[in-house]
Amino acid sequence: MSGRGLSEQAFLVLTALAEQPLHGYAIVQAVESLSQGRTRLRVGTLYGVLDRLVADGLAERDREEVHQGRLRRYYRLTDAGVRALSAEVARLSAHVRAASAVLRAREAR
């Protein structure tokens with residue numbers, strides 16, 4: 001992960017995985033739900049994000065199972081992923097506090 005923080009897609013995927021291991025389609029659904037429909041991951045985009053998260057040690061493969069003749073690969077958050085997600089939440093929260101303070105000051109004028 002770079003010092004710039006996580007992409008929105010990576011942030012949402014890590015958030016989706018924070019509760020429990022999920023397979024690809026379940027991650028797509030969780031991201032759409034978490035973002036209230038604002039982010040819809042295509043399969044190619046999802047696996048690109050997952051490949052980067054795995055390469056960075058933030059997520060890892062959990063297990064594979066066959067469901068209705070199709071292979072489902074599950075992913076889970078690593079301890080490093082939990083730390084990265086927590087750091088990103090703190091970073092974004094600081095931005096929200098700063099922007100809120102500026103807007104309150106503007107409204108007070």
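A residue counts as buried at under 20% relative accessible area, as exposed at over 50%, and as partly exposed in between, with a 1.4 Å probe and protein chains only. By that scale glutamate 88 is buried, with a relative accessible area of 3%. The model shown here is predicted: local features need pLDDT of at least 70, side-chain atom pairs count only at pLDDT 80 or more, and totals for chains, interfaces and linings use all residues. Residues are numbered from 1 along each chain as its sequence is written, and side-chain values use heavy atoms, with hydrogens and water left out.

Start with the overall layout. The protein chain has four helices and three strands. Helices (H or I, at least four residues) and strands (E, at least two) are DSSP runs, numbered from the N terminus. Read from that end, the order is α-β-α-α-β-β-α. The protein chain is more spread out than a compact globule, because its radius of gyration is 16 Å, well over the 13 Å that the globule rule gives for 109 residues. The radius is taken over C-alpha atoms, and the rule is 2.2 Å times the number of residues to the power 0.38. Along the principal axes, the C-alpha trace spans about 65 × 25 × 20 Å.

Next, surface and contacts. Of the 109 residues in the protein chain, 30% are buried. The accessible surface is about 7300 Å², and carbon and sulfur atoms hold 50% of that. These areas come from the Shrake-Rupley method with a 1.4 Å probe; for residues, only the protein chains shown count as cover. A contact means heavy atoms within 4.5 Å. Among contacts in the protein chain with a separation of 6 or more, 50% join residues 24 or more positions apart.

Now follow helix α4, residues 79-108. Its 30 residues reach 43 Å from first C-alpha to last, close to the 44 Å expected at 1.5 Å a residue. The expected span is 1.5 Å times one less than the number of residues. Gly81, Ala84, Leu85 and Glu88 are buried in α4. Their cover includes α1 (8-17) and β3 (70-77). What does glutamate 88 contact, leaving aside its neighbours within four places in sequence? Its partners are Gly5, Leu6 and Phe11.

Helix α2 (residues 24-34) buries Gly24, Ala26, Ile27, Val28 and Val31. The cover here includes α1, β1 (22-23), α3 (43-55) and β3. Glutamate 32 also belongs to α2. Its relative accessibility is 29%, so glutamate 32 counts as partly exposed. Not counting residues up to four places away in sequence, glutamate 32 touches Gly37, Thr39 and Arg40. Glycine 57 is 25 residues from glutamate 32 in sequence and 24 Å from it in space, C-alpha to C-alpha.

Turn to the strands. Histidine 23 sits in strand β1. Is histidine 23 buried or exposed? It is buried, because its relative accessible area is 10%. Beyond residues up to four places away in sequence, histidine 23 touches Arg72, Arg73 and Tyr74. Glutamate 60 lies in strand β2 and is partly exposed, with a relative accessible area of 28%. Between glutamate 60 and alanine 30 there are 30 residues of sequence separation and 18 Å of space, C-alpha to C-alpha.

The ring of tyrosine 74 has a charge over its face: arginine 63 lies there, at 3.8 Å from the ring centre. A charge sits over a ring if NZ of Lys or CZ of Arg is within 6 Å of the ring centre and within 35 degrees of the ring normal. What of aromatic pairs: how many does a search of the whole structure find? The count is zero. Rings of Phe, Tyr and Trp (its six-membered ring) pair if their centres lie within 6.5 Å; planes under 30 degrees apart count as stacked, over 60 as edge-to-face and the rest as tilted.

Finally, two loops. Most residues other than glycine have a negative phi. Glutamine 36, in the loop between α2 and α3, has a positive phi near 55 degrees. This residue follows α2 and is exposed, with a relative accessible area of 65%. Glutamine 68 lies in the loop between β2 (59-67) and β3. Its phi is also positive, at about 50 degrees, although it is not a glycine. Glutamine 68 is exposed, at 73% relative accessible area.
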